[in-house]
Amino acid sequence: MNISRSRQMFERAQKSIPGGVNSPVRAFKSVDMNPLFIRKGKGSKIYDVDGNAYIDYVGSWGPLIVGHANETVLSAIEATLHDGTSFGAPTENEIVLAEMVKDAVPSMELVRLVNSGTEATMGAIRAARGYTGRDKIIKFEGCYHGSVDFLLVQAGSGATTLGKPDSAGVPASFVEATLLAEFNNLESVLDLVDQNPQEIAAIILEPVAGNMGMIPPQHGFLQGLRDVCDREGILLIFDEVMTGFRVDYGGAQAVFKVEPDLSTFGKVIGGGLPVGAYGGRQDIMTQVAPVGPVYQAGTLSGNPISVAAGIATLKILKEGNTYAELGQASAWLVNEIQSAFGKAGIPVQTHQIGGMFGFFLSETPVLQYQDALQTNADLFKKFFRNMLSNGVYLAPSAFESLFLSTAHTEADLEQTAEAIRQSLQAL
Ligand SMILES: *Cc1c(COP(=O)(O)O)cnc(C)c1O
C-alpha cells in the first residue's frame, strides 16, 4: 500500500497544526501509524490522497449514516447555499428540524440547536444544574461527552486511546462536582447517591456506550437509573450524540424504552455538518434563556446549511425499513467477525444494535470500562493495519465503535468479510 503522499502531508501538517490533526483520534497514534489524508468520499467508500480506496466503517465517527456525498443531502445543501449561509436570526428550517426531533423522540418536548455534541452536553448539564439548584453530577468511567472541562474525567475515546484518562489543563476545582460510577453497575450509582444526599443534579450517560468500544446496557440498568432519579429528584440525561438516529430512529431510548429527562444529540442530526441539540422536559427547558435564567448561546447555532443537511438526512432515515436493514446488515457482519475470529482461535466479544457495532479482543464479556482496558489492544493494532491493507477503514483504536451506512452494499459486506479472513491469516 503506497501512502507516501499522506506521509508527506502529515509532515507538513505537523508544522502548522498540533500533532498534524484537528481532533486527537485522527492521528492514528494507538495503531502506530501516520494518519491517512482523505481526498474524497462517495457512498460507502473513502479515497486517500494516494488514490487508495477503503470501505469506510467510521463514517466521520458516526454522522454519515446515509453514506458520503449523498445526492439528496448535497442537493439540500446546494439549494440552501444560494440564499445565504447564516443570518443570526431565526429561520423556518430550524423549526422543521426541531419538530422532526420531537416527532422521533417523544421525550424531547423542547429542543435547542447548537453546533456540536460538546456544546449539547454542556448546555444540558447547565440546564440540569439550573433547574435542580444542585451542583454535583454522576458520569460513568469510559463514557465520553465531548471535550467539556468537567466531563473530561475517565472519558473514554481519544483520551483512552492516548492513554490519558484525564486531561491536563482542567483545574481540580472544576471536576470536584463530577462523581464517577461504573457503567452497568447500578450499585456504584446507588452508593454515590447515598453519599451525596440532595446534592446530585443529574446522571449523564451514553445509554449505549460507544466511546470505550461499544458496550450495551445490561438488562435493567437504564430502568434502575430511571428509578433512582425519580426517587431522589435527580435528572437523567441520555447523551445520544452517537446513538441518536443511529441505533434506531428514536435513539437508544426507543430501543430500551426508558425516557430520560434531557437528551443530547449531534453527529447524525447534522448529516455530516456541524450540529448538536439538547432538550427534553418542557419545565426544565423553559429554564434556558431567553425564557429562563440559564444562559446558553451560539452565533452559528441552527445555521441554515447544517440544518438543511440534517433535515435531508432524517427524511431519508425515516423512509422505509432503514433501521431493520441496517440492523440485519450489521448483524451479518458481526456474525462474520465471530466465525472468522473463532476459526483463527482468537477470542472475540461482539456487540451490535441497529447500524452501530463493535468487537473486543477478549475472552470474557466486556461490560464496563475496566473490562475494555483489559482487551488485547496490541493484537487489535495488527489487525487494524491488515484491514487497512485489505481496503477496509476501521476506527484506528480498540476503544471505538463502528458504523454501517445505508450506502454499504452486499458486495461491500462480502468484501469486508473476506478482508477479515485475510487479515487474520496474515497476523
Ligand atoms: C462525539 C460525541 C460527543 C461530542 O460531540 P462533538 O460533536 O465531537 O463535540 C459527545 N457525546 C458522545 C456520546 C459522542 O459520541
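Biologist: Which domains does the domain assignment give for the protein chain?

Modeller: Domain 1 covers 4-69 + 321-425 and domain 2 covers 71-318, the bounds coming from an automatic or database domain assignment. Residues are numbered from 1 along each chain as its sequence is written, and the model is predicted, with local features needing pLDDT of at least 70, side-chain atom pairs counting only at pLDDT 80 or more, and totals for chains, interfaces and linings using all residues. Side-chain values rest on heavy atoms, with hydrogens and water left out.

Biologist: What makes domain 1 and domain 2 contact partners, and how many residues does each contribute?

Modeller: Contact means heavy atoms within 4.5 Å. Under that criterion, 37 residues of domain 1 and 42 residues of domain 2 take part. The C-alpha centres of the two domains lie 25 Å apart.

Biologist: What is the area buried between domain 1 and domain 2?

Modeller: Buried area is the accessible area (1.4 Å probe) that two parts lose on being put together, summed over both. For domain 1 and domain 2 this is about 3200 Å², with 66% given by carbon and sulfur atoms. Tyr323, Ile353 and Tyr369 supply 23% of the area that domain 1 buries against domain 2, more than any other three residues.

Biologist: Why are strand 4 and strand 6 said to stand at the edges?

Modeller: Strands (E, at least two residues) and helices (H or I, at least four residues) are DSSP runs, numbered from the N terminus. Two strands pair if DSSP finds at least two bridges between them. The open sheet of seven strands has the order 4-10-9-8-7-5-6, with mixed pairing. Strand 4 (110-114) and strand 6 (178-181) each have a single partner strand, so one side of each lacks a neighbour in the sheet. The twist averages 20° from one strand to the next.

Biologist: How do you know that strand 8 and strand 9 pair, and in which direction do they run?

Modeller: Three bridges join strand 8 (residues 235-239) to strand 9 (residues 262-265), whereas the definition asks for at least two; therefore they count as paired. The two strands run parallel, and Phe238 stands opposite Ser263 in strand 9.

Biologist: Why is the crossing of helix 3 and helix 11 called left-handed?

Modeller: Axes are lines fitted to C-alpha atoms, for helices over the stretch in contact, and angles run from 0 to 180 degrees between N-to-C directions. The axes of helix 3 (residues 92-104) and helix 11 (residues 304-318) come within 9 Å and cross at roughly 35°. A crossing is left-handed if the near helix is turned anticlockwise from the far one by less than a right angle, and right-handed if clockwise. Helix 3 passes helix 11 in the left-handed sense.

Biologist: Which residues of helix 3 and helix 11 meet?

Modeller: Among them are Val96, Leu97 and Met100 in helix 3, which meet a set in helix 11 including Val307, Ile311 and Leu314.

Biologist: How do you know whether the peptide bond from Ala289 to Pro290 is cis or trans?

Modeller: Omega is near 10°, and the bond is cis. Pro290 is found in the loop between helix 10 (282-285) and helix 11.
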